[in-house]
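Please keep the sequence and the model in view while reading.

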Amino acid sequence: MKTNALFAFLAGAAAGAVFALLYAPDKGEKTRQKLADKIKEGADYGSESVNEMIGKIQEKAKEGIEKVKESIDKVSQEAAK
């Protein structure tokens, strides 16, 4: 759900930036440079968000592995009795 919202936000921001730049009273070369800069900013933001999600997924996976290990230990102890 958050991923869809992120992509929708980025798409809207990109569309707004393109619209603003296309109607700006700058020369073509300057407009293209501004557009390239905005695209890079969006890519950097998206990359940071992806890295943040990866970190959260890794953390949850570690927590899950620990819970499974604890459950296995409990079952093993009960079986040994």
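**A helix and its surroundings**

Val-50 is placed in helix H2, which covers residues 28-80; helices here are DSSP runs of H or I with at least four residues, strands are runs of E with at least two, and both are numbered from the N terminus. The model is a predicted one, in which local features need pLDDT of at least 70 and side-chain atom pairs count only at pLDDT 80 or more, while totals for chains, interfaces and linings use all residues. Residues are numbered from 1 along each chain as its sequence is written, and side-chain values use heavy atoms, with hydrogens and water left out.

Val-50 has a relative accessible area of 38% and is therefore partly exposed; buried means under 20%, exposed over 50%, and partly exposed in between, with a 1.4 Å probe and protein chains only. Together with Met-53, Ile-54 and Ile-57, Val-50 forms a nonpolar patch on the surface, and the accessible area of these residues together is about 330 Å². Such patches are made of residues with over 30% relative accessible area and no salt bridge, where nonpolar side chains (Val, Leu, Ile, Met, Phe, Trp, Tyr) are joined within 5 Å and like charges within 9 Å. The areas come from the Shrake-Rupley method with a 1.4 Å probe, and for residues only the protein chains shown count as cover.

The secondary structure of the protein as a whole consists of two helices and zero strands. Its radius of gyration is 24 Å, well over the 12 Å that the globule rule gives for 81 residues, so the protein is more spread out than a compact globule. This radius is taken over C-alpha atoms, and the rule is 2.2 Å times the number of residues to the power 0.38. Along the principal axes, the C-alpha atoms fill a box of roughly 80 × 20 × 10 Å. Buried residues account for 9% of the 81 residues. The accessible surface comes to about 7000 Å², and 62% of it belongs to carbon and sulfur atoms.

Ser-71 is in helix H2 and is partly exposed at 43% relative accessibility. From Ser-71 to Arg-32 there are 39 residues in sequence and 58 Å in space, C-alpha to C-alpha. Ser-76 also has its place in helix H2; its C-alpha atom is separated by 22 Å from that of Ala-61, 15 residues apart along the chain.

How many salt bridges does the structure hold? There are three, a salt bridge being a side-chain nitrogen of Lys or Arg within 4 Å of a carboxyl oxygen of Asp or Glu. Glu-41 and Lys-38 meet in one of them, at 3.9 Å from N to O; these residues are three apart in helix H2 and so are separated by about one helical turn. Glu-41 is partly exposed at 47%, and Lys-38 is partly exposed at 43%. Lys-56 pairs with Glu-52 in a salt bridge whose closest N and O atoms are 3.5 Å apart. Being four residues apart in helix H2, Lys-56 and Glu-52 are also separated by about one helical turn. Glu-63 and Lys-60 form a salt bridge at 3.8 Å, N to O. Lys-60 counts as exposed at 58% relative accessibility, whereas Glu-63 is partly exposed at 34%.
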